[in-house]
Amino acid sequence: MKLAKDTKVYIAGCGGMLGKAVYGYFSNRTTVKATDIDLNESWLEKADVREYAEMEASITSFAPDLIINLAALTSLEFCEKNADNAWKTNALGAENVGLIANQLDVPTVYISTAGIFDGEQEFYNDFDEPGPLGIYAKSKYYGEQYIKRTVRKHFIFRAGWMMGAGPDKDKKFVNKIYQQILAGKDELFIVDDKLGTPTYTNSFAEGIFKVVETDLYGLYNQVCGGDCSRYDVAVEFVKLLGMENKITVTKVSSDYFKEEYFAPRPASEKLVNMKLDARNINFMPHWKDALADYAKVYQEHLQKTSVSEI
């Protein structure tokens with residue numbers, strides 16, 4: 001499928017950190033209708049993936065050439081506490097969008113996660129068998145399996161530790177570190193027993209676009225190159241901010257945060273982009289290069305605050 005300016009792309013769940021990148025990349029190159037239940041951008045319209053009739057009306061009225069489903073509840077703790085909502089959003093939502101994609105006979109994109117693995121191995125390729133541990137992982141894996149088995153024309157992209165969108169929308173690790181720095185913390189306690197592969201939203205969006213154009217349907221691990229611990233990311237980020245002499249990054253085990261982050265997490269969720277590499281369609285940079293690019297947003301933000309005087 002050649003994606004051109006007159007190609008109509010429907011993006012569900014587009015109000016989050018990945019949605020910002022996907023909308024930015026696709027709207028400059030295609031005709032986009034973006035929806036969410038949280039209308040936090042002027043370009044968003046209301047549609048809830050949990051409601052089949054609502055999604056059917058929203059999608060069919062647009063008559064898209066491609067559907068991208070970004071809708072997900074991604075907080076592991078929230079999913080453990082709100083299991084019904086997690087299943088309806090991450091699993092039933094995938095069914096609803098998949099059914100409509102089949103009805104219209106258009107390709108659909110579903111975003112899965114490295115979190116579906118149990119962490120018993122250090123690395124996981126596209127063919128390794130998942131073993132989801134918690135509600136978030138189980139609901140996302142169900143969605144992945146449904147799309148894989150049921151939707152005729154599908155792309156499934158598994159992401160790792162997501163980073164992107166900046167201080168306003170990044171709900172993940174990098175922004176949590178930054179918020180601690182803004183609060184004046186001069187010591188960060190970071191786990192070194194959780195391993196993974198960072199995934200830059202801007203690169204991920206570009207990868208979706210370019211892989212979709214190949215018509216090579218299927219499931220793909222799509223993460224940045226290299227691998228690391230949470231501690232490694234924190235050290236690199238602090239260095240990129242030029243604050244390595246002002247802030248101490250201290251290693252701790254996951255037990256240090258066991259009350260705050262109580263949901264089960266795999267010890268390792270390192271993904272390998274085996275299929276993308278084999279087909280020569282891997283467009284993801286090394287995680288350190290991606291973080292360096294992403295850190296520019298925070299460098300600019302820092303210059304506007306007094307925290308640079310710490």
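Is asparagine 69 buried or exposed? In this predicted model, asparagine 69 is buried, with a relative accessible area of 3%.

**Figure 1. The open sheet of seven strands.** The strands follow the order S3-S2-S1-S4-S5-S7-S12, and their pairing is parallel. Strand S3 (44-46) and strand S12 (218-221) form the edges; each has a single partner strand, so one side of each is left without a neighbour in the sheet. On average, and with direction ignored, neighbouring strands of this sheet are turned by 25 degrees against each other. Strands of a sheet pair through backbone hydrogen bonds, in either the parallel or the antiparallel sense.

**Figure 2. Pairing of strands S7 and S12.** Strand S7 (residues 154-159) pairs with S12 in the parallel sense, over four bridges. Phenylalanine 157 stands opposite tyrosine 220 in S12, and isoleucine 156 stands opposite leucine 219 in S12. In a regular strand the side chains alternate between the two faces of the sheet. In S12, Gly218 and Tyr220 point one way, whereas Leu219 and Asn221 point the other way. All four of these S12 residues are buried.

**Figure 3. The surroundings of asparagine 69.** This residue is found in strand S4. Its relative accessible area is 3%, and asparagine 69 is therefore classed as buried, the cut-off being under 20%. A polar atom of the asparagine 69 side chain lies 3.0 Å from the backbone nitrogen of alanine 71. When residues up to four places away in sequence are not counted, asparagine 69 touches Ala12, Val49, Gly93, Ala94, Val97, Val109, Tyr110 and Ile111.

**Figure 4. The second largest pocket.** The volume of this pocket is about 220 Å³. Its lining comprises 16 residues, of which Lys20, Ala165, Gly166, Pro167 and Val297 are the closest to the pocket centre. Helix H1 (17-27), helix H7 (201-212) and helix H10 (287-303) are the elements that give two or more residues to the lining. H10 gives the most, with four residues.

**Figure 5. Alanine 183 in a loop.** Alanine 183 is found in the loop between helix H6 (173-182) and strand S9 (187-191). With a relative accessible area of 62%, alanine 183 is exposed, because the cut-off for this class is over 50%. Alanine 165 is 18 residues apart from alanine 183 along the chain, and the C-alpha atoms of the two are separated by 20 Å.

**Figure 6. The largest cavity.** One cavity of 30 Å³ or more is counted in the model. The largest cavity holds about 60 Å³ of space. Its lining is formed by Trp161, Met162, Met163, Phe173, Val174, Pro198, Arg230 and Val233. Two or more lining residues come from each of strand S8 (161-163), H6 and helix H8 (230-240). S8 supplies the largest share, three residues.

**Figure 7. Helix H8 and the glycine that follows.** The buried residues of H8 are Arg230, Tyr231, Val233, Ala234, Glu236, Phe237 and Val238. Two of these, Arg230 and Val233, also line the largest cavity. An α-helix has 3.6 residues a turn, so residues three or four places apart point the same way. H8 is followed by glycine 242, whose phi is positive, near 70 degrees.

**Figure 8. The open sheet of four strands.** Here the order is S6-S15-S10-S13, and the pairing is mixed. Strand S6 (123-124) and strand S13 (228-229) stand at the edges with a single partner strand each, so one side of each is left without a neighbour in the sheet. Strand S10 (residues 195-196) and strand S15 (residues 268-271) pair in the parallel sense over two bridges. Glycine 196 stands opposite glutamate 269 in S15.

Terms used:
Residues are numbered from 1 along each chain as its sequence is written. This is a predicted model: local features need pLDDT of at least 70, side-chain atom pairs count only at pLDDT 80 or more; totals for chains, interfaces and linings use all residues. Side-chain values use heavy atoms; hydrogens and water are left out. Two strands pair if DSSP finds at least two bridges between them. Axes are lines fitted to C-alpha atoms, for helices over the stretch in contact, and angles run from 0 to 180 degrees between N-to-C directions. Buried means under 20% relative accessible area, exposed over 50%, partly exposed in between (1.4 Å probe, protein chains only). A polar contact is a pair of N or O atoms within 3.5 Å; within protein, one must be able to donate a hydrogen and the other to accept it, and residues adjacent in sequence count only if both atoms are side-chain atoms. Contact means heavy atoms within 4.5 Å. On a 1 Å grid over the protein atoms alone, a cavity is a set of points where a 1.4 Å probe fits but cannot get out, and a pocket is an open set with protein on both sides within 12 Å along at least five of seven lines; lining residues have an atom within 4 Å of a point. Grid points are joined across faces, edges and corners, and a volume is the space filled by probe spheres set on the points.
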